[in-house]
Amino acid sequence: MRRTASVIGLVVGLYLVARAIVEPFVIDMTDPATYRNDWGGPSLLGVLLVHCGPGVLSGILIAVALRRRRARIRRPE
């Protein structure tokens with residue numbers, strides 16, 4: 001059960017990271033009309049925070065989990 005939850009969490013996390021990478025290219029940052037009605041709008045900072053923030057957080061959590069796993073594997077018992 002734990003492995004299944006980890007796999008699902010990793011897939012969702014990678015989706016959020018990919019979305020955070022793509023978002024700045026999808027909207028025209030010089031034209032407020034393209035992001036005014038998005039979540040976090042009407043400001044560009046709010047839109048980027050709402051759309052990219054979860055991806056950044058997911059990336060950090062994935063990196064921490066992988067680092068802990070690598071340390072656990074290397075540690076002799």
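Helices (H or I, at least four residues) and strands (E, at least two) are DSSP runs, numbered from the N terminus. The model here is predicted, so local features need pLDDT of at least 70 and side-chain atom pairs count only at pLDDT 80 or more, while totals for chains, interfaces and linings use all residues. Residues are numbered from 1 along each chain as its sequence is written, and side-chain values use heavy atoms, with hydrogens and water left out.

**Exercise 1. Work out what secondary structure the protein chain has, and how spread out the chain is.**

Step 1: count the elements. The protein chain has 2 helices and 0 strands.

Step 2: check the radius of gyration (taken over C-alpha atoms; the globule rule is 2.2 Å times the number of residues to the power 0.38). The chain comes out at 17 Å, well over the 11 Å the rule gives for 77 residues, so it is more spread out than a compact globule.

Step 3: look at the box. Along the principal axes, the C-alpha atoms fill roughly 60 × 25 × 15 Å.

Step 4: turn to burial (buried means under 20% relative accessible area, exposed over 50%, partly exposed in between, with a 1.4 Å probe and protein chains only). Of the 77 residues, 16% count as buried.

**Exercise 2. Describe how α1 and α2 pack.**

Step 1: get the geometry. Axes are lines fitted to C-alpha atoms, for helices over the stretch in contact, and angles run from 0 to 180 degrees between N-to-C directions. Helix α1 (residues 2-26) packs on helix α2 (residues 44-74) at about 135°, and their axes are 8 Å apart. That makes α1 oblique to α2; for the cut-offs, under 35 degrees is roughly parallel, over 145 roughly antiparallel, 65 to 115 roughly perpendicular and the rest oblique.

Step 2: list who touches whom, where contact means heavy atoms within 4.5 Å. From α1 come L10, G13, L14, L16, V17, R19, A20, E23 and P24, and they meet V47, H51, C52, P54, G55, S58, G59 and I62 of α2.

Step 3: sort by class. The contact of α1 with α2 has 10 nonpolar, 5 polar and 2 charged residues. Here Ala, Val, Leu, Ile, Met, Phe, Trp, Tyr, Cys and Pro count as nonpolar, Asp, Glu, Lys and Arg as charged, and the others, Gly among them, as polar.

**Exercise 3. Decide whether S58, L49 and R19 are buried, exposed or partly exposed.**

Step 1: take S58, in helix α2. S58 is buried, at 11% relative accessible area. Leaving aside neighbours within four places in sequence, S58 is in contact with G13, L16 and V17.

Step 2: move to L49, also found in helix α2. L49 has a relative accessible area of 60% and is exposed. From L49 to R70 it's 21 residues in sequence and 31 Å in space, C-alpha to C-alpha.

Step 3: finish with R19, in helix α1. R19 is partly exposed, at 31% relative accessibility. R19 and P54 sit 35 residues apart in sequence, with 9.2 Å between their C-alpha atoms.

**Exercise 4. Find the cis peptide bond, and say where its proline lies.**

Step 1: recall the background. Most peptide bonds are trans.

Step 2: check omega. The bond joining G41 and P42 is cis, with omega about 10°.

Step 3: P42 lies in the loop between α1 and α2.
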